[in-house]
Amino acid sequence: MAFISSGYNPEKPMENRITDIGPRKYDEFYPPFIAKNKGKWLYHEILEPGVLVHVAESGDKVYTVRCGAARLMSITHLREMCDIADKYCGGYLRFTTRNNIEFMTDKEDVLKALKADLASRKFSGGSFKFPIGGTGAGITNIVHTQGWVHCHTPATDASGPVKAVMDEMFADFQQMRLPAPVRISLACCINMCGAVHCSDIGLVGIHRKPPMVDHEWADRLCEIPLAVASCPTAAVRPTKVEYKGEKVNSIAIKNDRCMYCGNCYTMCPALPISDGQGDGMAIMVGGKVSNRISMPKFSKVVVAYIANDPPRWKKVTDVVKHIVEVYAANAKKYERLGEWAERIGWERFFSITGLKFTYHLIDDFREPAYYTWRQSTQFKF
Amino acid sequence: MAKHATPKLDQLESGPWPSFVSDIKQEAAYRAANPNKVEFQIPVDCPDDLLGVLELSYNERETHWKHGGIVGVFGYGGGVIGRYCDQPEKFPGVAHFHTVRVNQPAGKYYTTKFLRELCDLWDMRGSGLTNMHGSTGDIVLLGTQTPQLEELFFELTHKMGTDLGGSGSNLRTPAACLGQSRCEYACYDTQDMCYQLTMDYQDELHRPAFPYKFKFKFDGCPNGCVAAMARSDFAVVGTWKDDIRIDHAAVSAYVGGEFAPNAGAHSGRDWGKFDIQAEIVDRCPTQCMSWNGSKLSINNKECTRCMHCINAMPRALGIGNERGASILVGAKAPVLDGAQMGSLLVPFVEVSQPYDEIKEIIEKIWDWWMEDGKNRERLGETIRRLSFQRLLEVVGLEAQAVHVKEPRHNPYIFFNEDEVPGGWERDLEAYRSRHQR
């Protein structure tokens, strides 16, 4: 295809250049009933899973239909969404922080037709395009990262395991039978571009082998001091090695100090870390962001490692499903997963879920570790 | 006919949840057919090659993407993530596959007109694949080549009136909950504050000058729907100072079963009749509520605004009228020194245009962090290394009991020299005249 210019002139990059204009202003995109009632909402109610009504002081009612989506989406899919929004919603739609799509209308009869239309649309492979749900005391969409689709440091994929977990948990996306919301997040490495560290259930990709050193390239590709400084456990040091008969500046890794965070690889591409045999996922539970009832909490690791098993990560989905079922059967109304685990005690969490507690699950990283040990004679047999 | 056989990925087409594999295939078929006669500026088969390289990863269980190279648009140091495939011969369509981050409108409302323009642009100049949205909040345009970057930027700024987001060691694209636009809990206009600060700090957003990334997030209430206090270096979380508003008639309606408790969020199971004593009063973390059988009372002075009672009875209880926000700083994910939650810095601040009081705090923190923060050290780590007291000094705030959950566990206190009479320079001779060696 021939190159088509936008009007940009590479000879004169500053000519007509527009910069630093920021995003479009939010209120350009408000549906009229949102613009009219902003700041004057009285209350809301979830009419059924995935359908909300917000009632304003003016008496106006706005119905919202929330739909799940794979956050990796095509423009063909986006255009279909636009067609739907044009037909039913006056040409407006919005996305939620958790990758859901929201279609809004102020008319009850439109709501009915909109729901039916959304529910009827499927991809050629048979999955729903716009499953309605993700509200209240259920499981909503998973916040996640790029994984093998687009990232250089992942220890697992993201879109694939998310699809596998949401397929398994789909019934709970479309109902509200749990004691409280269960927020699942997935990060494909411990950088955790997603609130995995504060989720009810967090799936996180972990490496388990120290990086290799590409001596031929280390000095050419990297600022070696930056790689050394990047290591949180002082496992990376500069060294000179014999490489093909020549002394070269390179890097040495003290394997027994390495906890495989991959930060050195981010700083230095000559330290590749990913490994098909070593990589996999840890499962964390009991975190939350909300201040409701108890303060926000970090997620805790309850399964140290599950090998990557594409395409459906069966062991991971089994554990997630199992944890949710045990939680659903035992927690009190309003109790988040972490609140329940704290009430019954983590030793009880392990006995009741049957998850095996191993030495991997005792914290030994930095000073907060001590505060997670048990300084008490109070415990359950 | 698919370009690459993808038997593993094909297994992700079944099941009810929307399949990204089906969607990518849909885009591949659309580009192959090209019904709109689009003059694709990057390889027509890039979605096929993306599936191909992903299938390879599914077989080998390792990624095939290399480090980002330094690509971007003139004058900006962020907004574009260079991405190259490490098997370019097998998958030429994605050999160069850079990400472009576009700053989303606060609250993520869109007109279809805007989205269609974006689709048209990305149809011609990119892969046709996106993330709606990235974890930080940007619109993520997934996959294009270097010669298209300036063209995309020109069209985004000239035709769509919008700009790139952040990446690298700069201010990352700020994000807000939908706030007052559709939520009765919002204590301030999160979208407006997000927009205004994004505009005011365009230089910090586009030109990396920080030790590491810096995130703003704006939550309208302590429910925290954008995870501000878990995920942002500077979290502004709505709160109020006065009393929870009570509509006693509506409380009775909840007790009488006329209104669904918790806004209907528990309707999927029979939890029994709503029990205001057990579900509201007894679950209150500060025990500041009471129910005498006909009237609900709240000792607001003891309330910590956890939102539970309001969430559970939204038609009866409302946030107070003296509204503002708490500011918490230093949250981050685990890399490197472990995960951190935001720590309370400013208990209450009024939030209104032009946000000068808050901007003053932000700028004091930035000046300090840029001076004393180490390379790749998040603000939370700098605070831990140099102390919370130092942060208070930088911002010019007095220490208050609300800054801690509990006082320190040791008496290893760094006193300021001027607090101690006579200071630290002492006369050894005089000491020896009182004490023999």
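Biologist: With which residue does B:Lys359 form a salt bridge?

Modeller: In this predicted model a salt bridge requires a side-chain nitrogen of Lys or Arg within 4 Å of a carboxyl oxygen of Asp or Glu. For B:Lys359 the closest N and O atoms of the pair are 2.8 Å apart. The partner is B:Asp200.

Biologist: How many residues apart in sequence are the parts that this pair ties together?

Modeller: B:Lys359 lies in helix H12 of chain B and B:Asp200 in helix H6 of chain B; helices (H or I, at least four residues) are DSSP runs, numbered from the N terminus. The pair therefore ties together parts whose separation in sequence is 159 residues.

Biologist: Is B:Lys359 buried or exposed?

Modeller: Buried means under 20% relative accessible area, exposed over 50%, and partly exposed in between, with a 1.4 Å probe and protein chains only. B:Asp200, at 31%, is partly exposed. B:Lys359 has a relative accessible area of 15%, so the residue is buried.

Biologist: What conventions apply to the numbering and the values?

Modeller: Residues are numbered from 1 along each chain as its sequence is written, and chains are lettered from A and ligands numbered from 1 in the order in which they are written. As the model is predicted, local features need pLDDT of at least 70 and side-chain atom pairs count only at pLDDT 80 or more, while totals for chains, interfaces and linings use all residues; side-chain values use heavy atoms, leaving out hydrogens and water.

Biologist: Which residue of chain A meets B:Asp189 in a salt bridge?

Modeller: The N to O distance in this salt bridge is 3.0 Å. B:Asp189 lies in a loop of chain B and its partner in the loop between helix H1 (32-37) and strand S1 (41-48) of chain A, so the pair joins two chains.

Biologist: Which residue of helix H10 of chain A pairs with A:Lys297?

Modeller: A:Lys297 sits in the loop between strands S11 (280-285) and S12 (300-307) of chain A, 45 residues from its partner; strands (E, at least two residues) are also DSSP runs. The side chains meet at 3.0 Å, N to O, and the partner is A:Glu342.

Biologist: How many salt bridges are there over all chains?

Modeller: One network of salt bridges links A:Arg66, A:Arg94, A:Glu102 and B:Arg182. Over all chains, the count comes to 52.
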